[in-house]
Amino acid sequence: MIMMPLSTMAKRSTSLLGVLGSVVVAQQAGTRQPEVHPDLWMQECTASGCERKKGGVVLDANWRWVNKDGQNCYTNDNTWNPAFCSDPATCAQSCSIEGADYVSSYGVTTNSDKDGVNLKFVTRGPYSTNYGSRLYVTDSDDTYKMFKLKN
């Protein structure tokens, strides 16, 4: 085990983060379809009672339109379009993932109390027919809900 002063470790960590930060590429957010997560109210319960908390649901990126200036980045033969996606980093920089039209395209609705979700297995939307959906529960617009099971 090598021991070094904390200040030296901090300097090395900062240097490493600088190097790594320069190569990190994130997927681009689309601008053609806004992302509006359906609300979902949940209860968090403790020994002293239950409290209602507002959250939401979000559709998996695998179901969303990935495009560059309105042209598909994913082709009909289940491959990435080589004009935009010669490698993963170029694809992430070139292509954007659009928001979801939860009701019309994916058949995702909440009930009248917004404490349950209804899913259609087959949804015939304006541009395609979608089969199924994969949703995640969120705490807020940018964090997933973590459930702690008792068993």
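## A buried cysteine to start from

Cys 95 is buried, and its relative accessible area is 0%. The model that shows this is a predicted one. Cys 95 is bonded to Cys 73, with the two sulfur atoms 2.0 Å apart. The link has a torsion of -95° about the S-S bond, which makes it left-handed. This pair ties together distant parts of the chain: Cys 73 sits in the loop between S5 and H2, Cys 95 sits in the loop between H2 and strand S6 (96-97), and 22 residues separate them.

What is the relative accessible area of Cys 73? It is 0%, so Cys 73 counts as buried.

## The chain as a whole

The chain holds 2 helices and 12 strands. Along the sequence they run in the order α-β-β-β-β-β-α-β-β-β-β-β-β-β. There are 151 residues in the chain, and 24% of them are buried.

How many of the contacts between residues at least 6 apart in sequence join residues at least 24 apart? The share is 53%.

## The other disulfides

The count of disulfides is 3. With bonded cysteines counted along the chain, they follow the pattern 1-2, 3-6, 4-5.

One of them joins Cys 85 to Cys 91, with an S to S distance of 2.2 Å. The torsion about its S-S bond is about 45°, so this disulfide is right-handed. Cys 85 has 11% relative accessibility and is buried, because buried means under 20%. Cys 91 is buried as well, with a relative accessible area of 9%.

Another disulfide joins Cys 45 to Cys 50, S to S 2.0 Å. Its torsion is 110° about the S-S bond, and the link is right-handed. Are its two cysteines buried or exposed? Cys 45 counts as partly exposed, at 45% relative accessibility. Cys 50 has a relative accessible area of 51%. Exposed means over 50%, so Cys 50 is exposed.

## A hairpin with a disulfide across it

Strand S2 covers residues 39-46 and strand S3 covers residues 49-59. The two pair in the antiparallel sense, over 8 bridges. Together S2 and S3 form a hairpin, and 2 residues lie between them. Cys 45 stands opposite Cys 50 in S3. These are the cysteines that the disulfide of 2.0 Å S to S joins.

Which other strand pairs with S3 in the antiparallel sense over 4 bridges? It is strand S11, residues 135-140. Val 57 has Val 137 in S11 as its bridge partner. In a regular strand, side chains alternate between the two faces of the sheet.

## Aromatic rings and a charge

There are 3 aromatic pairs. One of them is formed by Tyr 136 and Tyr 144. Their ring centres lie 5.7 Å apart, with 70° between the planes. Planes over 60 degrees apart count as edge-to-face, so this pair is edge-to-face.

Tyr 136 is partly exposed, with a relative accessible area of 33%. Tyr 144 counts as exposed, at 53% relative accessibility.

What lies over the face of Phe 147? It is Lys 145, at 5.8 Å from the ring centre.

Asn 78 is not a glycine, yet its phi is positive, at about 60°. Asn 78 is found in the loop between strand S5 (71-72) and helix H2 (88-94). Cys 73 also sits in the loop between S5 and H2. How much of Asn 78 is accessible? Its relative accessible area is 58%, so Asn 78 is exposed.

Lys 114 is also a residue other than glycine with a positive phi, near 55°. Lys 114 has its place in the loop between strand S7 (108-110) and strand S8 (117-119). Its relative accessible area is 34%, so Lys 114 is partly exposed.

Terms used:
Residues numbered from 1 in each chain as written. Predicted model: local features only at pLDDT ≥ 70, side-chain atom pairs only at ≥ 80, totals over all residues. Heavy atoms only, no water. Buried < 20%, exposed > 50% of the residue type's maximum accessible area, 1.4 Å probe, protein only. Phe/Tyr/Trp six-rings, centres within 6.5 Å; stacked < 30°, edge-to-face > 60°. Lys NZ or Arg CZ within 6 Å of the ring centre and 35° of its normal. Disulfide = S-S within 2.5 Å. Pairing = 2+ DSSP bridges. Contact = heavy atoms within 4.5 Å.
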